[in-house]
Amino acid sequence: MLRAAVMGTLGMLANHAGRLSHRRLTVLWTLAIMILWNPRQLWYDPGFHLSFLALVGIAELGPLLDPLLKWVPERFGLREALRVSCAAQIATGPWSAFLFGQVSLIAPHSNLLAPPLVPAAMGFGAASV
């Protein structure tokens, strides 16, 4: 939870300050803050490793995938969802394979199906509370 809050806050600050060109610096600040908060996660937290690799993949590999995904329609944000999902999958794949001995090949496709269902799930969750 804290990891997402730090990454999201720094990303929003960079966006509002018009400093998206400094995304690498933002990623490094996020890494520094998270390691200062809990140094053990650098060595013992696979979730930290995978989320950081996914963030780097989305920031660095995502733009490189744009020309390859011209065939995907932009309607309903499909192209963006596939771009982000593939970039994260490519970046986390080797480490995931090392840690768990397998890599999911259907994750990008399932990630396309999940976002439209999130508002309904949140609505049902709020109604049940």
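1. Helices here are DSSP runs of H or I with at least four residues, and strands are runs of E with at least two, both numbered from the N terminus. On that basis the protein has seven helices and zero strands, and its pattern along the sequence reads α-α-α-α-α-α-α.

2. This is a predicted model, in which local features need pLDDT of at least 70 and side-chain atom pairs count only at pLDDT 80 or more, while totals for chains, interfaces and linings use all residues. Residues are numbered from 1 along each chain as its sequence is written, and side-chain values use heavy atoms, with hydrogens and water left out.

3. Of the 129 residues in the protein, 26% are buried, where buried means under 20% relative accessible area, exposed over 50%, and partly exposed in between (1.4 Å probe, protein chains only).

4. Helix 2 covers residues 23-37 and includes Ile 33. Its 15 residues should span 21 Å at 1.5 Å a residue, and the end C-alpha atoms are 21 Å apart, which agrees; the expected span is 1.5 Å times one less than the number of residues.

5. Thr 26, Val 27, Thr 30, Leu 31 and Met 34 are the buried residues of helix 2. Seen down the helix axis, these buried residues fall within an arc of 140° and so line one face of helix 2, the arc being that of the directions from the axis to the C-beta atoms. On the other side of helix 2, the exposed residues are Arg 24, Leu 28, Trp 29 and Leu 36.

6. Ile 33 counts as partly exposed because its relative accessibility is 36%.
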